[in-house]
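Work through the exercises below with the sequence and the model side by side. Try each task before reading its solution.

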Amino acid sequence: MDTESTHSGYSYHSSRSGRSNRHGDRSRERHKASGSKDSVRSERSVVINPPDSPSQDSPVHNGEPLPGEPTPTADEGDEAQDDNWGETTTAVTGTSELSISQEEVVGLGKEMYDRTESFRRYLPLAVGSCVGLLVLATPLAFLLLPAVMWPDRLQACGAACEGLFLSIAFKLLILLMAMWALFLKPGRASLPRVCVYRAFLTTLTLLLTMSYWLFYGVRILDAQDEDYHGIVQFAVSLVDSQLFVHYLAVVLLELRHLQPCYSASVMRSTDGETRQYNIGQLSIQKAALSILEYYYRDFPLHNPALLSASKHRAAKHLAGLKVYNVDAFKNKLRKYLLDPPGSTAGAQPGNGNQSRAMVTAAPKRKDSAHNELYYEEADYERRVRKRRARLVVAVEEAFTHVRRMKKEDVHATPSDIMDVREAALAIFPSMARALQKYLRTTRRQHSHSMESIQKHLAFCLVNNMSPKAFLEAYLAPGPTLQYGPERWMADQWTLVSEASVTGGIKEGSEFLLKCLDFSLAVTIKGIPYIRLTEEYVDLKSHKFILLLQSETSV
């Protein structure tokens with residue numbers, strides 16, 4: 001089929017008009033015959049020959065002749081032009097050998113993104129390291145260059161100058177430790193855009209350093225200043241400015257967003273699970289990163305098996321309903337009333353009455369859907385309670401057997417004592433069947449592997465935990481971080497926002513965090529301004545007097 005569509009994409013024209021007309025008829029017939037087959041193909045890869053393309057004798061692809069075809073000249077192209085080019089030109093709707101589909105384009109872009117992912121991840125760290133080295137090396141260079149270039153002309157450095165050396169040394173050490181604590185730490189995530197505050201601080205640091213270098217080169221290096229004490233003071237002022245820039249970085253990057261200003265409502269699209277979080281002054285991409293960290297900690301693991309069950313129930317309900325054309329039924333009924341009784345339409349009223357009865361029964365079937373759902377959920381809860389009771393009994397019996405064996409191991413020889421891993425493997429078969437049936441009933445069997453269950457069982461045996469502590473990980477779904485990294489989907493998140501992701505969040509901001517199977521809808525609302533007043537209560541107002549009379553029975 002691909003070969004046929006490839007040949008149909010080019011029109012071979014001869015100088016004889018009769019042969020050209022016959023060829024045009026055959027092309028149209030072949031195009032009509034293959035139209036129904038080509039219609040089912042994907043339209044994501046479409047190649048259309050434009051009207052101003054070169055002549056039909058020499059088809060080209062992307063402005064170049066095909067392999068094996070001669071290169072046409074201008075005269076040959078004018079002579080070979082046909083008057084019926086609008087009828088003989090064929091559009092190729094299939095995937096040719098020299099074209100590329102959209103899937104291949106998307107795969108190529110993803111492959112390029114994967115190749116540059118590590119580069120994009122470590123680029124900010126590399127830039128920060130280079131800027132940090134420049135900041136630390138500049139004051140030392142200010143002190144060493146005069147001593148190397150014109151040492152004989154420098155004035156002697158007194159006690160005050162030597163004290164400034166000590167000040168520079170400790171300030172540079174403090175600056176080095178502060179830069180290591182704030183900037184030289186592994187990144188938590190890869191953001192789609194550059195952080196505005198980090199870019200601003202990097203630019204400000206470079207601008208400050210270059211300004212000092214420019215002043216140093218013009219007033220000290222060119223003039224070969226002999227006052228070494230003034231040069232040392234100039235280096236001290238640079239270190240002080242760098243410390244103030246670092247203080248500004250701490251305020252912008254670490255302290256500004258600590259005070260809560262907004263409330264973020266996070267809703268999962270599949271099951272409607274909702275959480276509320278208070279966040280501070282952040283950009284949209286930073287707020288999305290914080291919300292994802294909260295999601296992995298607080299939201300239960302997403303279980304698509306439960307959703308597929310509800311979809312299957314809805315599809316089963318819709319399959320039981322039938323749709324009828326009421327207008328067609330009215331037309332048939334009208335035709336029956338107008339035709340004589342002996343005509344062939346006499347058998348249609350029965351069908352019309354049956355259709356009317358089935359149309360009338362459809363709302364009744366729809367009304368009984370809630371009963372089906374009620375009994376289905378009740379049966380599901382009954383089966384879950386039954387499986388849970390069997391699982392609890394099996395686990396308690398297994399742990400009781402382990403405790404009894406521990407008491408017997410006191411009098412046993414060291415060679416007969418089992419390892420914790422061996423003990424877990426020994427008692428696991430007694431509870432494996434009940435646990436497997438419970439996980440299948442609750443549709444969480446894909447979240448727990450046999451190896452992870454055995455490891456958890458060994459952990460509980462080592463720390464002398466109860467059967468309830470062992471079952472807590474399986475009776476209720478836990479947060480996403482409780483399971484393996486294959487369940488995290490940490491590299492499949494996409495931020496969708498109408499506003500710029502580098503802009504700050506505000507009242508009414510909305511954005512979407514899309515994953516493979518679901519998405520998180522985030523709505524931002526401002527925390528209201530709270531006005532708190534004080535009411536003074538006099539201590540004397542709480543005093544009272546009890547008058548006792550002789551008739552009072554106390």
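## Exercise 1: the sheet

An open sheet has five strands in the order S4-S3-S7-S6-S5, paired antiparallel. Strands S4 (274–279) and S5 (494–497) are at its edges, each with a single partner, so one side of each has no neighbour in the sheet. Neighbouring strands are turned by 25° against each other on average, direction ignored.

The model is predicted: local features need pLDDT of at least 70 and side-chain atom pairs pLDDT 80 or more, while totals for chains, interfaces and linings use all residues. Residues are numbered from 1 along each chain as its sequence is written, and side-chain values use heavy atoms, without hydrogens and water.

**Task.** Trace the pairing of S6 with S7, then of S3 with S4.

**Solution.** 
- Step 1. Strands (E, at least two residues) and helices (H or I, at least four) are DSSP runs, numbered from the N terminus. Two strands pair if DSSP finds at least two bridges between them.
- Step 2. Go to S6 (residues 510–514) and S7 (residues 519–526). Five bridges join these antiparallel strands. Leu-512 stands opposite Ala-521 in S7.
- Step 3. Go to S3 and S4. Six bridges join them, again antiparallel. Ser-263 stands opposite Asn-278 in S4.
- Step 4. Check the hairpin of S3 and S4. Five residues lie between the strands, and Gly-272 takes a positive phi near 75°.

## Exercise 2: a buried threonine

**Task.** Is Thr-480 buried or exposed, and which residues does Thr-480 contact?

**Solution.** 
- Step 1. Locate Thr-480. The residue is in the loop between helix H17 (467–475) and S5.
- Step 2. Apply the cut-offs. Buried means under 20% relative accessible area, exposed over 50%, partly exposed in between (1.4 Å probe, protein chains only). Thr-480 has 2% relative accessibility, so this residue counts as buried.
- Step 3. List the contacts (heavy atoms within 4.5 Å). Neighbours within four places in sequence are left aside; the partners are Tyr-295, Tyr-296, Phe-299, Pro-300, Leu-301, Arg-487 and Trp-488.

## Exercise 3: the cysteines

**Task.** Which cysteines form a disulfide?

**Solution.** 
- Step 1. Use the rule: a pair of cysteine sulfur atoms within 2.5 Å. The count comes to one disulfide.
- Step 2. Name the pair. Cys-157 is joined to Cys-161, with S to S 2.0 Å.
- Step 3. Read the torsion. About the S-S bond it is about -120°, so the disulfide is left-handed.
- Step 4. Compare the two ends. Cys-157 is partly exposed at 24% relative accessible area. Cys-161 is buried at 0%.

## Exercise 4: aromatic rings

**Task.** How many aromatic pairs does the whole structure hold?

**Solution.** 
- Step 1. Set the rule. Rings of Phe, Tyr and Trp (its six-membered ring) pair if their centres lie within 6.5 Å; planes under 30 degrees apart are stacked, over 60 edge-to-face, the rest tilted.
- Step 2. Search the whole structure. There are 17 aromatic pairs.
- Step 3. Take Tyr-212 and Phe-234. This pair is tilted, with 5.1 Å centre to centre and 45° between the planes. Tyr-212 is in helix H8 (residues 196–221) and Phe-234 in helix H9 (residues 228–255), 22 residues apart. Both are buried.
- Step 4. Take Tyr-295 and Phe-299. Their pair is tilted too, at 4.9 Å and 40°. Both of these residues are buried.
- Step 5. Find the cluster. Ring pairs link Phe-142, Tyr-212, Trp-213, Phe-215, Tyr-216 and Phe-234.

Key:
Axes fitted to C-alpha atoms, helices over the stretch in contact; angles between N-to-C directions.
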